[in-house]
Amino acid sequence: MLYRVAVISCLVIILLSGTVKAQLYKDPKAPVKQRVADLLKRMTLEEKIDQMSMSSLEDAVKSKTVYGVLESPFSNVTDIALKSATAKKYYREHTRLGIPPLQIGECLHGQLAAGATIFPQTIAQGSTWNPALIEQMGAAIASEASTSGVDQALSPLFDLIRDARYGRVEECFSEDPYLVGQLGSAFVRGMQGDPVKTRTAFAFDKVMCTGKHFAAYSQPMGGINLAPAEIGERELRSMFLPPFRDAVQGANIAAIMPSYNEIDGIPAHSNEFLLKQILRREWGFKGYIFSDYGGLGQLYTFHKVAKNKTDAALLGVNAGVDLEAARPDIYPHLIELVKSGKIKESKIDSAVARILTAKFKAGLFEKPLADTARIKQKVHTEAHIKLSQEIAEEAIILLKNDKSLLPLNINKIKSLAVIGPNANKVQYGDYSFTRDNRSGVTVLEGIKQFAGDKLKINYAQGCELSGLDKSGFDEAVKAAEGSDEVVVVLGTSSIVFSGVGWNGHSPDSEPKDSFSCGEGRDVSDINPQGVQRELLQAIYKTGKPVILVLVQGRPWSISWEKENIPAIVEAWYPGEKGGTAITNVLFGKVNPSGRLNMSIPQSTGHIPVFYNYVKSAKGESNNHGTPEKPGQDYVFSSNDPLFSFGFGLSYTSFQYENLKVSKLIFSKNEQVSIAVDVKNIGNMAGKEVVQLYLGNKVNSVSTPEMSLRRFSKINLEPGETKTVNFTINKDDLAIWNRQMKLVTEPGTFDVMIAKAADNIVLKKTLEYK
């Protein structure tokens, strides 16, 4: 009897041991690599390919398929949380292997959900020149989005601004690769957490990021979305790839999304050079590649490089695209490709392993389900709303201020006209849930709240954002004539979420041309739209002092406005507290400190305009001490920007002096310390952006005359002086030479301290040996 009990006990122990071993992938203490291997060997081919596909949270329970990724619905945070908990619980408890899905959410400037905090649009974030602030924002967005179950965000963009006609300019940080890399990586660190820690795991209140669009998506021919990018490999490597490299190697970004466009005839979703050679081999990217929505299908429907869906699947998986979004259309054909021997199952295993690695690192098998009870404490908090306003205030750029018209003195004026089609409308930009005024503060509301009963406010809309109707002009002129000063708020409006605007589709409640910005909303003319300029000119003729406030997603050509209007403020899309932020700047409660993150063209015909052109006159400068511009002027116009990259005025003044370098000659194993003193010589505290540019005198290939390499935003009280310190090394001078090798060539170069790309205040020449 004892013998039989012993045998049975041994069998139980063996069976239990086998069960434990069989469920290694469910053991949170096991190494991620082992968990992945254990789960992968248990999966059928069909289950593996399902992991390479995406569906929606709503369809998750209805379908018997266990998809790798599920998309958050276009809804409010509570509804998303409920659907998330239902779907993930079902996947965990009622599917064969219990593999939970990665939940995707749009988080460009806040979670795309009703009830979430709406931060300023990315173009506004870029003009803060404040990575620390953007990192705080990323952490806030992650905290909110994770509360409703989001595991991965389809943001940020590392695209460069190159063409103001392009509708997605508003989604980009800057025209400069260094600034994009700094701000984009800060966003990723805020969302994901410390890169050292995220190499092994992501905290439950963090959200993985997706860097997009890889690569050169934002330089389409004619500024038209999806058009080819006409660039060579050297420009690609020098300009468009460095921000992505920073995100991969510095911020440890979790996923990369290929772009819709093609480069030299090769669409990004089938580009092995980009996705394998550069991304994985050269940069060592360990994350997974997430297709853009329908990007794989475009290989045969749009680019015509594949005959059918099966061929498109072959191209995509061979290029290294791991997951198909937004619905299973192309990758289901991988099954037949494997069974016919055209693809080895090991290639599928590699892709699935990368997706599973992300899931295990994010703790999806152990992570608590979304709980609606946590929403009130985590979403749209006072701290997050305050942060949104702070970002808006630091983003606002003072472009012109003749005779110190601004700030307005509430004690010296009795009445103020507030006029314009964007004066009493919130404008958040694309990838927003709403444009309902109840969700934020308009400029008119902000001014009224600030003024109280101390100031009479005369409001008139004047005109619509688009169209030729001038029926509101008389009322607007009357309002201006009955006021001491006038604030005119013009600008644009964008689609509120992804998809609207494609092929001309927009909500029936508004005219088709109301949406002049956003994804799929490219334009052929960057002059003010509709009759907005004519409205401004009518107000100008009253003789009243006019302040122009621009609330928009792309820069306009405002040559007439620059010449005639005494004060101009660029606010971009300033988020839900935008009206309060703009008011605080107009009345001097906040000193404007935004700086242009892109060059503003004189006209549409001047496009493209950016400061870091390849130089044409090496080593020469004009009589203003500013590096030569490329080529020659037009017959009837210069090719200068209307407003230069890095430009922005303040209500105070700053003086630069004592530029010092630790050595004038250095070699590959040395660094150079650079210091400059900045003093506030005005009567108001203010923030200044100290910009450091480098420019090689002579190289084996043509390079930009100057390139931004460091910057620092500092706050100075009146009369205060601070020493700003920078450090540079040989990598900051590196170029892609004639053999397409990244090298630092011996020679002299300039260290330039500037207030803007066209305003160098101090300079020294150094030598690298």
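**Entry 1: β10 and its sheet**

I began with β10 and strand β15 (residues 567–570), which pair in the antiparallel sense over four bridges; two strands count as paired if DSSP finds at least two bridges between them. The strand and helix names follow DSSP runs numbered from the N terminus, with helices (H or I) of at least four residues and strands (E) of at least two. Leucine 398 has valine 569 of β15 opposite to it.

I note here that this is a predicted model, in which local features need pLDDT of at least 70 and side-chain atom pairs count only at pLDDT 80 or more, while totals for chains, interfaces and linings use all residues. Residues are numbered from 1 along each chain as its sequence is written, and side-chain values use heavy atoms, with hydrogens and water left out.

I then followed the sheet: it is open, has six strands in the order β10-β15-β14-β13-β11-β12, and its pairing is mixed. β10 (397–401) and β12 (456–460) are the edge strands, each with a single partner, so one side of each has no neighbour in the sheet. On average, neighbouring strands here are turned by 15° against each other, direction ignored. Helix α21 (residues 532–540) packs on this sheet and touches β11 (415–419), β13 (485–491) and β14 (546–551). The direction of α21 makes about 175° with that of β13; axes are lines fitted to C-alpha atoms, for helices over the stretch in contact, and angles run from 0 to 180 degrees between N-to-C directions.

**Entry 2: the parallel sheet**

I looked up a second open sheet, of seven strands with parallel pairing, in the order β1-β2-β3-β4-β5-β6-β9. Its edges are β1 (54–56) and β9 (288–289), each with a single partner strand, so one side of each is left without a neighbour in the sheet. β1 runs parallel to strand β2 (residues 69–71), joined by three bridges. Serine 55 has leucine 70 of β2 as its bridge partner. α11 packs on this sheet, touching β5 (208–214) and β6 (255–258), and its direction makes about 155° with that of β5.

**Entry 3: α11 with α8**

I next checked α11 against α8. The axes of helix α8 (residues 177–192) and helix α11 (residues 242–250) come within 8 Å and cross at roughly 30°. The two are therefore roughly parallel to each other (under 35 degrees; over 145 is roughly antiparallel, 65 to 115 roughly perpendicular, the rest oblique). Pro177, Val180, Gly181 and Ser185 of α8 make the contact with Pro243, Asp246 and Ala247 of α11; contact means heavy atoms within 4.5 Å. I sorted these residues into four nonpolar, two polar and one charged.

**Entry 4: α19 with α23**

I did likewise for another helix pair. Helix α19 (residues 443–451) and helix α23 (residues 578–586) have axes that come within 7 Å and cross at roughly 55°. α19 and α23 are therefore oblique to each other. On the α19 side I listed Val443, Gly446, Ile447, Gln449 and Phe450; these meet Gly579, Thr580, Ile582, Thr583, Asn584 and Leu586 in α23.

**Entry 5: β19 and β20**

Last, I looked at β20. Strand β19 (residues 686–696) pairs with β20 in the antiparallel sense over nine bridges. Lysine 687 has asparagine 715 of β20 as its bridge partner. Strand β20 (residues 707–716) is mostly covered, with seven of its 10 residues buried (under 20% relative accessible area, with exposed over 50% and partly exposed in between; 1.4 Å probe, protein chains only).

Definitions and conventions
Ala, Val, Leu, Ile, Met, Phe, Trp, Tyr, Cys and Pro count as nonpolar, Asp, Glu, Lys and Arg as charged, and the others, Gly among them, as polar.
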